[in-house]
Amino acid sequence: MKDDNFLKENNARHLWHPMGAPSDSQTHAPKIIKTAAGVTITDIENHSVVDAVGGLWCVNLGYSNDIIKDAIAKQLYDLPYYSAFAGTSNPMAIEASYAVREFFAKDGMARVFFTSGGSDSVETALRIARQYHKLRSEPERTKFISLKKGYHGTHFGGASVNGNIRFRTNYEPLMPGCFHLPSPYPYRNPFNETDPLKLAQNIAAAFEDEIAFQGPSTIAAFIMEPIQGAGGVIVPDASFMSLMRDICNRHGILMISDEVITGFGRTGEWSGARLWGVRPDIMTLAKGITSGYFPVGAAMFSDMVAEVFESDNSEAHGIFHGYTYSAHPVGAAAVVATLSETLRLDARSNAEARGTQLYQGALELAKKYDIIGDVRGGHGLMTGIELVANKAAKTPMDGATMQRVHQAAYEAGTMVRLGGNNILMSPPLTISETEVNTILSALSTGFAAA
Ligand SMILES: Cc1ncc(COP(=O)(O)O)c(C=O)c1O
């Protein structure tokens, strides 16, 4: 590796970073994270902090899982790559498909299609949803409904069902036939409804209304995150997802549960849908599927969907969609090892206990700092803190103050992620009680610096 001077000199010079302005990265050099161990990351200045971001909601098992690393290394020597396009397979792909199916059997998932990440998984889910209806002789079912504030990745399909202006405007026009319902976000919503249950019922009514307006037989699928992540950790009422499930059932609309963040224990359950007692038709996965160690995603399908595709081997039933790296042997080896480790470590239970600690701690901070407008979480290791300049008016905090809080918290011992005026936290599910306390005390220092 080149020396530190070279790295600093060339930082952001040649690399366009996702989700930011290139010129901003050039003037405000990104932190260079050089090493990591456990749940701690260390930058080029040798400053170590607890990673409350978990890489990017993905390093579920921390940075030091040698079992996953060894599995990846071994596979690189056994078979570094071979195509899994129809006609060839590889041992790890077969093993990984078995492991993922077992993992989500309780959610009713029967088949898996591997991808290279979450956006690919969402793209796969949307396409398969349309094809499913075509195969069932309902070719006019092409539309998608989703939630505002939802994040479903950056392909044109995913961006079209995304519910956040930031990811849409620069890339419009997006895909036609995509419609959005209000987010189950009690702090801000068009109904001015602070009761989560009533808000859930209002959105369900809006869903029925939209279906009637569009025509039920034109809608292919409804996609939602069980807990909205990037949109600000928005936790719906416990009734919300099943209300939406019932409506989908009544109108023959497929339900896609986007579990890219919520899968693999992050919510304190093995899937977000299971947390809410719902069985979706399709699930999208990524991130925790390899603990972020190798880029892999997956779309999963219920028996009902599988049956339609498997009933015939005609051209129409072919899945003419896929990625060079679908079922990549090294990725598949990472999946097998990660799933086994996720279960062995019972990551779900620690996520639940430490998530409660983080959420309760954030609620305590809200009593102390008036800039905290809303604290969201309480289901595993997903916590959001929304900062406001004026609590009564709920005026979103300005970007410069958000940056100041971020930097002060970093200097005091934790890396958090900013999403607009939200602080987003999703640390590794293996985090300890002491490390959660470090996050909370560093955040306190950050808020004091606002
Ligand atoms: C719910 C959800 N879906 C899809 C994606 C896209 O995943 P990726 O960034 O791996 O393409 C993300 C990424 O954060 C996500 O949170």
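This is a predicted model: local features need pLDDT of at least 70, side-chain atom pairs count only at pLDDT 80 or more; totals for chains, interfaces and linings use all residues.
View 1. Counting cavities of 30 Å³ or more turns up 1 in total. About 50 Å³ of space lies inside the largest cavity. Its lining is made by Phe-114, Thr-115, Phe-294, Pro-295, Val-296, Tyr-325, Ala-327, His-328, Gly-331 and Ala-332. Two elements, strand S4 (109–115) and helix H12, each give two or more residues to that lining. Sort the lining residues by class and you get 7 nonpolar, 3 polar and no charged.

**View 2. The second largest pocket.** Here we move to a pocket with about 880 Å³ of space. A set of 31 residues lines this pocket, and Ala-84, Ala-86, Val-112, Phe-113 and Ile-319 are the ones nearest its centre. Look for helix H5 (91–103), strand S4 and helix H11 (303–310), each of which supplies at least two lining residues. The class tally for this lining reads 17 nonpolar, 10 polar and 4 charged.

**View 3. Helix H13 and its neighbours.** Follow H13 through residues 347–368, 22 residues in all. From first C-alpha to last, H13 reaches 31 Å, close to the 32 Å expected at 1.5 Å a residue. Its buried residues are Ala-347, Ala-351, Arg-354, Gly-355, Gln-357, Leu-358, Tyr-359, Gly-361, Ala-362, Leu-365 and Ala-366. What do these buried residues of H13 pack against? Two of the partners are helices, H12 (329–344) and H15 (433–448). The others are strands: S11 (372–376), S12 (383–390) and S16 (422–425).

View 4. Across the whole structure, a search comes up with 8 aromatic pairs. In one of them, the ring centres of Phe-103 and Phe-104 sit 4.9 Å apart with their planes at 55°, so this pair counts as tilted. Phe-103 has a relative accessible area of 8%, which makes it buried. Phe-104 is buried too, at 0%. Ring pairs also bring in Phe-264 and Trp-270, linking them with Phe-103 and Phe-104 into a cluster.

**View 5. The pair formed by Tyr-369 and Phe-447.** This aromatic pair is tilted as well, with 5.6 Å from centre to centre and 55° between the planes. Tyr-369 is found in the loop between H13 and S11, while Phe-447 belongs to helix H15, so the pair ties together parts that are 78 residues apart in sequence. Are the two residues buried or exposed? Both Tyr-369 and Phe-447 are buried.

Methods. Residues are numbered from 1 along each chain as its sequence is written. Side-chain values use heavy atoms; hydrogens and water are left out. Helices (H or I, at least four residues) and strands (E, at least two) are DSSP runs, numbered from the N terminus. The expected span of a helix is 1.5 Å times one less than its number of residues. Buried means under 20% relative accessible area, exposed over 50%, partly exposed in between (1.4 Å probe, protein chains only). Contact means heavy atoms within 4.5 Å. On a 1 Å grid over the protein atoms alone, a cavity is a set of points where a 1.4 Å probe fits but cannot get out, and a pocket is an open set with protein on both sides within 12 Å along at least five of seven lines; lining residues have an atom within 4 Å of a point. Grid points are joined across faces, edges and corners, and a volume is the space filled by probe spheres set on the points. Ala, Val, Leu, Ile, Met, Phe, Trp, Tyr, Cys and Pro count as nonpolar, Asp, Glu, Lys and Arg as charged, and the others, Gly among them, as polar. Rings of Phe, Tyr and Trp (its six-membered ring) pair if their centres lie within 6.5 Å; planes under 30 degrees apart count as stacked, over 60 as edge-to-face and the rest as tilted.
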